[in-house]
Amino acid sequence: MILHEQYRKEKVNDRKIIYYPNGTSRKGVLSMIYQNEPEKADLLSMDITEEQKLKLKQLFPHVFNEDKIDFEKLRQTLGGEVDTGRERYGMTWPGKAECMKIIQQPTIATLKPCKEESVDFDDTENLFIEGDNLEILKLLQKSYYGKVKMIYIDPPYNTGKEFIYPDRYSETLDTYLAYTGQVDDKGIKFSTNTDTDGRYHSKWLNMMYPRLFLARNLLRDDGVIFVSIDDNEIENLRFLMNEVFGEECFVGQVTILCNPKGRSQDKYLATCHEYLLIYSKTILPKGALDVPKSSEDIIAEYSEKNEKGRYRELELRNTHREFGKHNRPNLYYPFYVIKDGTLSLNKVENAIEITPDWDDGFEGCWTWGKVKAEAEIEDLVAKLVNGNWKMYRKAYASTPGEVARKQLKSIWKDKRHHTEKGQKTFNELFIIKEKIFQSPKSVDVLKDAISMTQDKNAIILDFFSGSSTTAHAVFDMNKEDRGNRKFIMAQLPEPCDKNSEAYKAGYKNIADIGKERIRRVIRNIDDEQKQDSAQTIRSDETKEKHRLDLGFKVFKLDKSNFTIWDGAIEDDATGEGITKQLKLIVENIDPYSSEEDILYELLLKSGFQLTTSVNEIELAGKKVYSIENDALLLCLDRELNKEVITEMAKKEPARVICLDEGFSGNDQLKTNAVQIMKSFGVEDFRTV
Ligand SMILES: C[S@@+](CC[C@H](N)C(=O)[O-])C[C@H]1O[C@@H](n2cnc3c(N)ncnc32)[C@H](O)[C@@H]1O
């Protein structure tokens with residue numbers, strides 16, 4: 001093991017204690033190792049500072065001196081691009097600096113599986129995670145970094161009536177446990193953010209900034225984020241998004257007519273709209289967010305039909321006057337049309353010659369070159385219009401492998417986008433008249449956003465998921481276009497007021513409503529499919545089967561199954577603290593944790609997705625988990641022996657993790673295990 005110089009080493013009871021600086025290096029992480037013993041598995045979430053440093057290193061390796069950034073060199077490298085002025089353009093608010101600390105503070109929480117609330121747990125790739133989304137986003141960093149194609153969020157709009165989650169630097173998990181009533185609340189205030197509160201906007205920004213920052217990391221390079229918002233915070237949100245995503249990645253600001261009647265309680269104007277703010281992770285090419293045309297669009301726009309399908313006739317001449325014979329000479333050539341309408345590119349006696357000239361004599365050009373025109377001449381037509389001959393090409397609605405697409409407009413005002421429609425869909429699903437969830441989004445708003453992403457296999461994340469409208473839209477879209485999109489919903493178990501309709505209907509918190517909605521959508525689609533297949537006659541068997549993923553795995557945010565040292569003891573002068581901590585590290589597994597809880601924590605923290613394939617196998621009489629076809633072997637047995645170590649090593653996995661407890665203090669076996677692993681080329685062998 002290579003130890004960095006800054007690690008402090010001490011000897012306690014023949015053991016070497018090493019203080020690893022953690023992400024913030026504020027406190028430090030304690031671990032202990034023997035000479036030659038396996039490395040410890042890293043149980044912290046991704047080190048954000050380290051990850052940022054790595055990105056900088058890739059771009060400017062020369063500005064690093066002994067792993068530290070030389071700002072002077074960086075300044076010289078960027079020359080005039082460095083803004084050293086006292087007055088700078090930008091946005092700031094009280095608490096912004098603290099946000100960075102919150103981002104950098106690793107979490108020691110975990111996500112525990114909850115099979116009884118899931119549907120088809122073992123086979124599904126959809127996820128519902130219950131908990132505070134800041135902790136969840138941190139926990140997802142290692143496994144979902146750069147994997148998510150689309151994020152949709154509908155955060156609190158800061159209307160003065162909603163609850164804004166009180167993040168606390170270095171205590172975020174404690175806050176959550178207090179919030180969910182799992183520990184004493186230690187005086188943490190949980191209340192709505194009213195506009196009479198001081199720092200009303202700052203509180204909201206402090207909640208949003210770390211979450212958006214971490215969310216961006218999860219997006220793929222071609223990924224896109226959609227944020228619903230209204231007038232309360234639109235200008236702050238745009239500033240914030242410009243800062244986190246970059247102004248150049250602004251895609252658009254859609255105005256949605258969501259409440260055509262307007263809010264009569266408003267002071268001056270009855271508001272009837274809200275916004276959907278869209279940013280991409282990197283600058284996308286034109287057309288990257290075009291949506292497929294609907295069959296109604298196609299029938300309306302493509303009036304002609306032949307054996308190749310629906311088409312419309314478009315002028316072949318380039319309609320932009322900046323292009324013509326003078327700068328596109330290759331696109332200037334004549335067509336010859338014979339009396340019966342036959343076309344030729346070769347001169348024919350008595351035929352009419354058609355050139356791309358404009359009425360005023362300007363020599364224009366065609367949009368197709370001569371070779372293409374020759375090859376596709378049957379899709380060209382000559383027509384006499386107002387006494388002039390013109391050339392047209394047949395533009396088909398769809399060509400093999402390609403559907404016709406269109407750009408969406410920046411105002412969405414269809415009935416299907418109204419919130420009333422969202423409420424109706426929700427109430428019909430729950431077969432209830434009362435509003436047990438207030439103003440869920442219309443499923444169609446989500447479906448339109450999803451179709452902009454053009455990827456039928458996308459991972460779609462919503463970390464303010466409320467009643468799970470996004471999950472509903474994913475199921476509907478997959479059903480309609482045979483897609484295989486997967487969703488990740490994250491939702492706080494925000495308690496429902498005891499007097500609310502939701503509480504009366506049996507829902508204690510909003511996460512319960514979100515999960516129930518997913519179950520109901522699954523049940524409905526399942527019933528539909530059963531009816532369909534009962535009606536399907538045998539001759540239809542040739543139809544390629546599309547397996548719709550009708551399940552979801554539930555995970556819940558909780559404290560780690562392991563005792564993870566989070567630092568405070570480093571400052572303890574008496575040494576008592578260290579002895580206590582050492583004891584905890586030796587007996588480091590929560591006795592109430594199930595094997596599955598431990599398994600999923602190790603998967604997540606080793607960078608595997610929560611839906612990764614897990615196979616239970618038996619080696620030398622012991623249970624071993626094989627992850628992704630032996631990429632990782634995990635043995636959680638408390639009584640390891642040489643045989644199981646050897647059998648695991650023989651499979652030559654990329655990584656092996658065992659419990660420290662499994663060696664039951666047998667240091668000899670541990671040292672041998674390292675050697676056995678090495679002899680089969682397994683370099684990454686860790687204990688926990
Ligand atoms: C406006 S609602 C989303 C509604 C959703 N789009 C729908 O159609 O049902 C916002 C949700 O975010 C949740 N929320 C607020 N703070 C959160 C946090 N820190 N972590 C996770 N969820 C949170 C709230 O409980 C609320 O249900």
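Which elements are included in what covers the buried residues of α17? The cover includes the strands β26 (614-619), β27 (622-627), β28 (632-635) and β29 (655-658), together with α18 (667-679). Helices here are DSSP runs of H or I with at least four residues, strands are runs of E with at least two, and both are numbered from the N terminus. The model is predicted, and local features need pLDDT of at least 70, side-chain atom pairs count only at pLDDT 80 or more, and totals for chains, interfaces and linings use all residues. Residues are numbered from 1 along each chain as its sequence is written, and side-chain values use heavy atoms, with hydrogens and water left out.

Helix α17 itself spans residues 642-650, and its buried residues are V644, I645, M648 and A649. Seen down the axis of α17, these buried residues fall within an arc of 135 degrees, so they line one face of the helix. The arc is that of the directions from the helix axis to the C-beta atoms. Buried means a relative accessible area under 20%, exposed means over 50%, and partly exposed lies in between (1.4 Å probe, protein chains only). After α17 comes E652, with a positive phi near 50 degrees.

Positive phi values also turn up in loops. D630 lies in the loop between β27 and β28, and its phi is near 75 degrees, a positive value in a residue other than glycine. D630 counts as buried, because its relative accessibility is 19%. N386 sits in the loop between β19 (380-385) and β20 (388-396), and has a positive phi of about 45 degrees although it is not a glycine. With a relative accessible area of 76%, N386 is exposed.

For the protein chain overall, the secondary structure comes to 18 helices and 30 strands. Of its 688 residues, 49% are buried. Among contacts with a separation of 6 or more, 71% join residues 24 or more positions apart; contact means heavy atoms within 4.5 Å. The accessible surface of the chain comes to about 35,600 Å², and carbon and sulfur atoms contribute 48% of this surface. Accessible areas come from the Shrake-Rupley method with a 1.4 Å probe, and for residues only the protein chains shown count as cover.

The ligand is surrounded by 19 residues, the closest being D154, S467, T469, Q491 and E494. A residue is near a molecule if one of its heavy atoms lies within 4 Å of it. On the nitrogen side of the ligand, a polar side-chain atom of D132 lies 2.9 Å from a nitrogen atom, and a polar backbone atom of N133 is 2.9 Å from a nitrogen atom of the ligand. An oxygen atom of the ligand lies 2.6 Å from a polar side-chain atom of T469. On its own the ligand has 600 Å² of accessible area, and the protein covers 92% of this area.

Three further residues illustrate the packing. P493 is found in the loop between β24 (486-491) and α13 (501-504), and counts as buried because its relative accessibility is 10%. P493 and I510 are 17 residues apart in sequence, with their C-alpha atoms 5.5 Å apart in space. Beyond its neighbours within four places in sequence, P493 is in contact with residues including E130, G131, Y176, Y179 and I510.

H417 is located in the loop between β22 (411-412) and α10 (419-430). H417 is buried, with a relative accessible area of 4%, and its side chain makes a polar contact of 2.8 Å with the side chain of D448. A polar contact is a pair of N or O atoms within 3.5 Å; within protein, one must be able to donate a hydrogen and the other to accept it, and residues adjacent in sequence count only if both atoms are side-chain atoms. Leaving aside neighbours within four places in sequence, the contacts of H417 also include I256, L257, C258 and W412.

L212 belongs to helix α6 (residues 200-218) and is buried, with a relative accessible area of 1%. L212 and V244 are 32 residues apart in sequence, yet 7.1 Å apart in space, C-alpha to C-alpha. Leaving aside neighbours within four places in sequence, L212 is in contact with I153, I225, L237, L240, M241, V244 and F245.
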